[in-house]
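Please look over the model shown here. My notes follow as numbered points.

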Amino acid sequence: MSGAHDHHGHHHDHEEGSRFSATELRVKALESLLVDKGLVDPQALDALIDTYETKVGPRNGARVVAKAWTDPAFREWLLRDATAAIASLGYTGRQGEDMIVLENTPKVHNLVVCTLCSCYPWPVLGLPPVWYKSAPYRSRAVIDPRGVMKELGLAVGEDVEVRVWDSTAEVRYLVLPERPAGTEGWSEDELAELVTRDAMIGVARVERPGKAGTAK
Amino acid sequence: MNSVHDMGGMHGLGPVEIEPDEPWFHHEWERRAFALTLATGYLGEWNLDMSRHARERMPGAEYLAATYYEKWLWGLERLLVERGLVPSAELEARLQDADASVRRTGHPRLLTAENVAPLLKKGGTARVSQTTPARFAPGDEIVARNINPTGHTRLPRYARGRAGVVDRDHGVFVFADSHAMGEGPQPQHLYSVRFAARELWGPEAGERDAVYVDLWEAHLDPA
């Protein structure tokens, strides 16, 4: 069977003389075959794509974080039973069935990886970005987390304990970043706007606008 | 299996590069490969652990060269062929000729559009609601077993033979290693185990740092 895949790994996105790459043609052939055989419903495919392109994403996780920052009872619940606390906001389901939230503090910094594949908390973050699924991140996050974070612009002090969480089972991890200074009195909506996907994976901090010298 | 998918601790695979404003998919075929994988998964012909194992069976050199959804496509084709749902000859014929005809078999568990939202929302937990005595408790010192199965395992190489401490008991879960190999769910306690960075990587690693790995009871021995 491997002969059927000889073109994998060394094709080009658009080969000379063809509108489609070998991989594109292969996916088209497979889809049409599965539809003809009655094994997939094309409308179900569209619904699956639409869900993960428009309905699920890191704004969900940002709502969870902002609520934890402004509601001490919710924060306590989230750290004790993340699955239930997150479900109370409506975020449940595939690849988020059993959740744990890891709280960053001035003394502890958490970082999430899946060294064996690409496990990631879909209901709160959506589908994982390419870098998270890439060999460089998967290989280095466990052996050199400080180096990886530094390259990505996040310096973590020597006095801070770095905890790397390798998602080797069906438990999914979400980082609760530290609330940035100077946001006292901000509303939950305003805070949610600040929270990024990368901060909830653990490779970035949440910054107050203006402070990082980027946006005001 | 000791293949390249188990890459924790490797060097030389390049820098981590974050793409600003990355789209959810980079090509239309990635959308379709993603959706085909999820949709056919709901047929119940294989489980998620088998699906992961299919991808890691991709030959190592191809695995490293392939993009993410190329790995998914490879794994999907493998499962469809192995379960007899799509003979490879039919796929090759379809690649040669768009009109190559096939018999409509249908499937009792075909995923329909109206079932997509409820099924995604419901998910499918690997947690098993049964009470099994736990062999370990938080604070217990353990050693991860030195095993090298040629089949699927979720015990990464970098943790094998290393000493750690049970951080928390997640409860009873389907055992991915057996589930992927068609050897049943073998439910057992799943633990988060803390390994000191220096235990895994030597004296150059951060003194306070640690890696937490989710491991099943069958992966652990008392220290």
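1. The buried residues of α8(A) are A:Y137, A:R138, A:S139, A:R140, A:A141, A:V142 and A:I143. A residue is called buried if 20 or more other C-beta atoms, placed from the backbone, lie within 10 Å of its own. Helices are DSSP runs of H or I with at least four residues, strands are runs of E with at least two, and both are numbered from the N terminus. Because seven of the nine residues of α8(A) (135-143) are buried, this helix is largely enclosed by the rest of the structure.

2. This is a predicted model, in which local features need pLDDT of at least 70 and side-chain atom pairs count only at pLDDT 80 or more, while totals for chains, interfaces and linings use all residues. Residues are numbered from 1 along each chain as its sequence is written, and chains are lettered from A and ligands numbered from 1 in the order in which they are written.

3. Within chain A, the buried residues of α8(A) pack against β2 (108-113), α7 (130-133), α9 (145-151) and β3 (161-166). From chain B, α8 (197-201) and β4 (210-216) also pack against them. Contact here requires C-beta atoms, placed from the backbone, within 7 Å.

4. β3(A) and β4(B) run parallel and are joined by four bridges; strands pair if DSSP finds at least two bridges between them. A:D166 has B:V213 as its bridge partner in β4(B).

5. The contact between the chains takes 71 residues from chain A and 82 from chain B. On the side of chain B, α1(B) gives the largest share, nine residues.

Methods. Buried ≥ 20, exposed ≤ 12 C-beta atoms within 10 Å, placed from the backbone. Contact = placed C-beta atoms within 7 Å.
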